[in-house]
Amino acid sequence: MKKLLLIGAGHAHAQVLAAFAQAPVPGVQITVVSPSALAPYSGMVPGWLAGTYAFEDICIDFAALARAAGARLVIDEVQAVDAAARTVHLASGAGLGWDLLSLNVGSTLLPPQGLPGQVLSLRPLGRLRAAWDELLASQARGGAPITRVLAVGGGAAGVEALLAVLARLRALRPGLAIAGELVTRGELLPALAPGAVRAARAALQRAGVEIRTGTDFDAQRVPAGSLLLWATGAQAHAWQRGSGLAVSERGFFQVNRQLQSLHHPDVFAVGDCAEWSPPLPKAGVFAVRMGPVLATNLRAALSDAPLRDYTPQHGFLVLLATADGHALASRGRWSLHGRWLGRWVWRWKDHIDRSFLARFQVPPGG
Ligand SMILES: Cc1cc2nc3c(=O)[nH]c(=O)nc-3n(C[C@H](O)[C@H](O)[C@H](O)COP(=O)(O)OP(=O)(O)OC[C@H]3O[C@@H](n4cnc5c(N)ncnc54)[C@H](O)[C@@H]3O)c2cc1C
């Protein structure tokens with residue numbers, strides 16, 4: 001019996017399990033490791049922050065998916081990978097071996113220690129959930145008021161999350177004046193079309209957000225009562241470096257065209273945790289598109305068949321929700337936004353996101 005070990009409940013592994021549930025691979029013992037059975041879909045995280053969706057509505061149920069694929073789900077977290085010994089070490093102290101390993105563990109954010117005020121880091125998502133729920137509960141109880149939300153980072157996640165958090169907190173405490181601020185070292189939304197950037201800037205201004213581009217975050221300038229929204233660029237997990245697997249300068253797993261770790265054909269890595277050459281943006285669309293290739297290649301590797309190449313797409317559609325019933329769309333230099341179109345784009349985004357999650361719904365008893 002060969003051992004296939006899937007680490008992380010990422011977008012690509014959801015597709016691997018769905019594919020294996022449809023067409024089982026005989027003679028293989030599949031184990032999935034994830035810190036929780038519910039894996040949030042990042043595209044809907046801002047909608048959950050805004051209160052549009054319940055947390056359960058934005059998640060893929062990996063327990064059901066694993067069951068359908070005949071896999072064992074282990075609720076735990078990898079702390080170290082030893083490629084030479086073909087073993088992963090878990091937070092619980094247990095060790096798991098593999099014949100074939102696949103890593104889809106996303107990326108993380110490491111805010112500096114000792115930041116002033118309350119801090120909400122957008123990653124890891126499991127910790128974000130706990131921190132946001134706790135903060136909302138304290139605000140609902142009338143706890144120490146938040147009078148300013150300051151987002152650090154000017155990418156799509158930072159902008160969406162800032163608008164969502166402001167909308168939710170203002171709705172929760174309507175009598176309170178809550179200021180908004182966004183600080184970014186670079187430009188605002190550098191990957192978006194110029195029209196989309198203008199529309200996002202206008203949405204931020206309508207929400208009363210002061211935008212400071214080309215500015216480093218200065219912890220000394222954070223007033224009391226602030227909530228810091230940490231949304232800087234994706235970082236690799238610290239344990240990736242000590243794994244014995246090839247990593248890039250930034251610490252992400254380097255992979256070849258077939259998504260295998262360089263020099264370790266028994267290990268695959270996909271999504272944010274992997275580094276393609278040249279590097280791809282850390283966006284869920286790439287993890288999603290890698291999924292079917294990964295499923296095919298894991299199946300092929302288990303039977304010593306030839307592997308398929310993954311070809312990254314050129315450019316991708318960004319749908320950015322502005323927490324006011326509108327969204328904007330951007331691809332290349334093309335964009336869609338505005339009072340009426342923006343409403344339609346929001347409904348379109350909602351439909352795309354819900355349809356993606358529906359692909360992983362396992363019927364009861366399935
Ligand atoms: C607020 C926000 C909004 C975003 N919106 C979009 C969007 O609209 N469109 C878009 O394309 N991109 C978006 N992104 C980027 C997107 O989140 C990532 O690029 C995408 O999630 C990467 O997918 P993944 O499958 O690699 O990893 P993930 O979806 O992050 O999954 C990683 C999984 O690994 C698990 N894991 C992590 N560490 C361990 C460990 N040590 N042991 C075991 N399991 C572990 C995690 O719990 C998780 O289940 C957004 C990001 C954020 C923060």
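The model is a predicted one, and residues are numbered from 1 along the chain as its sequence is written. The chain has 8 helices and 21 strands, and its domain assignment gives domain 1 (2-108 + 235-302) and domain 2 (118-232 + 317-358). Both of these domains contribute at least three residues to the shell around the ligand.

**Overall shape and packing**

- The radius of gyration of the chain is 21 Å, which agrees with the value near 21 Å that a compact globule of 366 residues would have.
- Taken along its principal axes, the C-alpha trace of the chain spans about 65 × 45 × 40 Å.
- Of the 366 residues in the chain, 43% count as buried.
- When contacts between residues at least 6 apart in sequence are considered, 67% of them join residues that are at least 24 apart.

**The two domains and where they touch**

- The centres of domain 1 and domain 2, taken over C-alpha atoms, are separated by 28 Å.
- Contact between the domains involves 18 residues of domain 1 and 18 residues of domain 2.
- On the side of domain 1 that touches domain 2, helix H2 gives the most, with 4 residues.
- That side of domain 1 is made up of 11 nonpolar and 7 polar residues, with no charged residues.

**The shell around the ligand**

- There are 34 residues around the ligand, and those that come nearest are Gly8, Gly10, Ser42, Gly106 and Gly271.
- Divided by class, the shell around the ligand holds 18 nonpolar, 12 polar and 4 charged residues.
- At least two residues of this shell come from each of helix H1 (11-22), strand E2 (28-34), helix H2 (45-49), helix H5 (156-172) and helix H7 (284-302).
- The element that gives the most to the shell around the ligand is H7, with 3 residues.

**Strand pairing around E17**

- Strand E9 (residues 100-103) and strand E17 (residues 264-269) run parallel and are joined by 3 bridges, with serine 102 standing opposite phenylalanine 268 in E17.
- Strand E16 (residues 260-261) pairs with E17 in the antiparallel sense over 2 bridges, and here serine 261 stands opposite histidine 264 in E17.
- E16 and E17 form a hairpin with 2 residues between them, and histidine 263 in the turn has a positive phi of about 75 degrees.
- In a regular strand the side chains alternate between the two faces of the sheet.

- Alanine 323 is found in the loop between strand E19 (318-321) and strand E20 (327-331).
- Alanine 323 is buried because 24 other C-beta atoms lie within 10 Å, where 20 or more is the cut-off for a buried residue.
- Leaving aside residues up to four places away in sequence, alanine 323 touches Ala50, Leu163, Ala164 and Ala167.
- Alanine 323 and glycine 51 are 272 residues apart along the chain, and their C-alpha atoms are separated by 9.4 Å.

Conventions:
This is a predicted model: local features need pLDDT of at least 70, side-chain atom pairs count only at pLDDT 80 or more; totals for chains, interfaces and linings use all residues. A residue is near a molecule or strand if its C-beta atom, placed from the backbone, lies within 6 Å of it. Ala, Val, Leu, Ile, Met, Phe, Trp, Tyr, Cys and Pro count as nonpolar, Asp, Glu, Lys and Arg as charged, and the others, Gly among them, as polar. Domain bounds come from an automatic or database domain assignment. A residue is buried if 20 or more other C-beta atoms lie within 10 Å of its own, exposed if 12 or fewer, and partly exposed in between; C-beta atoms are placed from the backbone. Two residues are in contact if their C-beta atoms, placed from the backbone, lie within 7 Å. The radius of gyration is taken over C-alpha atoms; the globule rule is 2.2 Å times the number of residues to the power 0.38. Two strands pair if DSSP finds at least two bridges between them.
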